[in-house]
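Colleague: I'd like to learn how to read packing from a set of coordinates. Could you walk me through it with the structure below?

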Amino acid sequence: PGAADCALLPPLNSMKAALFREFQGQLTVETVPDPVPTPTGVIIRVEATGVCRSDWHGWMGHDPEIHLPHVPGHEFAGVIEEIGDRVINWKSGDRVTAPFVCGCGTCRFCEAGDQQVCPHQFQPGFTAWGSFARFVMLEHAEENLVRLPQDLDFTAAASLGCRLATSYRAVAHQARIRPGDWLAVHGCGGVGLSAIMIASALGARSIAVDIDPAKLSRARQLGALETVDASCEDVCPAIIALTGGGAHSSIDALGSSITATNSINCLRPRGRHVQVGLMTGEDSRSTVPFDRIVSRELELYGSHGMQAHCYHELFALIAQGSLDPAQLVSRTTSLEEALPALTAESSFGETGIIVIDRIA
C-alpha cells in the first residue's frame, strides 16, 4: 500500500476493543495494544462473547474492582492464540471457554475445589480487561480453562462462561434439585431462562415468574410447566397453590428486594432459596423475613459462577440432547452494533442472550 493507505491501517500488535474511560460514560470501539500473556496465562482470540447484565453493572460503577479505562466482557468462547511460559496442558489452536470467576489455584479454597469463591480471583471484564475485544488474556490458565466439545459452536458456547454455568451450579449444586421437585425462578432474563432449561433437563418442574408476558411465553417454550405474571398476580400465594404447599427450591435470578423476598416466601417448609441475581444499592441490604426462615427451617444460599472442573456435567447434558445452549441466543451482532446494548439496562429485557460474533 501507499503512504496514504498505510495511514489508515492499525499499528502492528493492536486490536479492536470496546472501551470506556469513565463510569456511565461513552463506550467506543478503539484500537488498543494486544494483551501479552503472563507466565501462567494465555491469550484467547475471541470468537463470540455474550452481552450480560453484569457488564452493565460494571459500566455503571457497581463493581469496585474495575479500574479505568476499562474493556468489559466476561462471557466468551474462542481459540488459544498464545500461551505463557509455565502453561503445560494447553496449546495454540485449542477451542476454549472459562468461568467468569477464575481461581488462583493455590489458596485453600481452590485446593478444596471451590474456585468460584477464591479470595484472589481473576475476572476478565472486571479485575482485568475483558472479552469485548479481538483478544483477551486469561490468568491461571491451568486452573481455569475449559476445553470445548468440537461439535459445540462458539456462539452457543458464549453462554457457558456466565449465565448457563452460573445457573447450572445454582440449580444442581446449591438448590440440589431432584427429579419431580418444584423450582420457582424469579426473573426470566438470561440467568432465569437458563435455570428453567437446566431444571427441565434434570427432571424438575419449574415455575417462571416475571412481569413480561413475552418472557413468560419464552420460559414455557424452554421447559417451564407453569408461569406467574408478577405484574397482576400475587406471586407467593400463586406458587403455593400451583405446587400444593410451596416450591422445594426457589431462585432469585433478577436481584431485587421484591424478588428475593418472594423467593423466600414461596417456599415450602425446609425449602431452599438461592440468590443469583446481583444486589446493588439499597437492595444489597434487603429486609429478610427471618421469622419465616426460622419457623420453616429454610435454607439460604448464594451462588457465584461455577468452577471449571464442573463443566463436564453441563457438557454431558448437552451431549445427551437434554440441553441446547443455542436456544438461549436471541440474536447475534457485531462489536460496533452492540454498543447501545452494553450501556442500556433496557436491552436485557430481550427474551434471550445477545451474542457478539463479529469483532475484527
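Colleague: Which residues does S303 touch, not counting residues up to four places away in sequence?

Modeller: Contact here means heavy atoms within 4.5 Å. By that rule S303 touches T166, R169, A170, Q174, V274, Q275 and V276, once residues up to four places away in sequence are set aside. Before we go on, note that this is a predicted model, where local features need pLDDT of at least 70 and side-chain atom pairs count only at pLDDT 80 or more, while totals for chains, interfaces and linings use all residues. Residues are numbered from 1 along each chain as its sequence is written, and side-chain values use heavy atoms, with hydrogens and water left out.

Colleague: Where does S303 lie, and is S303 buried or exposed?

Modeller: Helices (H or I, at least four residues) and strands (E, at least two) are DSSP runs, numbered from the N terminus. S303 sits in the loop between β13 (299–302) and α12 (311–319). As for burial, the cut-offs are under 20% relative accessible area for buried, over 50% for exposed, and partly exposed in between (1.4 Å probe, protein chains only). S303 has 8% relative accessibility, so it counts as buried.

Colleague: How do I read a nonpolar core, and how many residues has the largest nonpolar core?

Modeller: A nonpolar core is a set of buried Ala, Val, Leu, Ile, Met, Phe, Trp, Tyr and Cys residues joined through side-chain atoms within 4.5 Å. The largest here has 51 residues, and those with the most contacts inside it are L148, L160, I251, L314, F315 and L323. Among the elements that each supply at least two residues of this core are β4 (76–83), α6 (160–174), α7 (190–201), α8 (213–221) and α12. The most comes from α7, with eight residues. Another core lies apart from it, with 40 residues, including A17, F20, I43 and I80.

Colleague: What does F315 touch, not counting residues up to four places away in sequence?

Modeller: F315 touches V146, R147, L148, P149, L152 and L160 on that count.

Colleague: On to helix pairs: at what angle do the axes of α6 and α7 cross?

Modeller: Axes are lines fitted to C-alpha atoms, for helices over the stretch in contact, and angles run from 0 to 180 degrees between N-to-C directions. The axes of α6 and α7 come within 8 Å and cross at roughly 55 degrees. Angles under 35 degrees count as roughly parallel, over 145 as roughly antiparallel, 65 to 115 as roughly perpendicular and the rest as oblique. α6 is therefore oblique to α7. On the α6 side the contact is made by R163, L164, S167, Y168 and V171, and on the α7 side by G190, V191, S194, A195, I198 and A199.

Colleague: And how do α6 and α12 pack?

Modeller: Their angle is about 95 degrees, with the axes 10 Å apart. That makes α6 roughly perpendicular to α12. L160, G161, L164, A165, Y168 and H173 in α6 meet Y311, E313, L314, F315, L317 and I318 in α12.

Colleague: How many of the eight residues of α2 are buried?

Modeller: Six of the eight residues of α2 (residues 53–60) are buried, so this helix is largely enclosed by the rest of the structure. The buried ones are S54, D55, W56, H57, G58 and W59. Their cover includes β1 (14–20), β3 (42–51) and α13 (335–342). After α2 comes G61, whose phi is positive, near 100 degrees.
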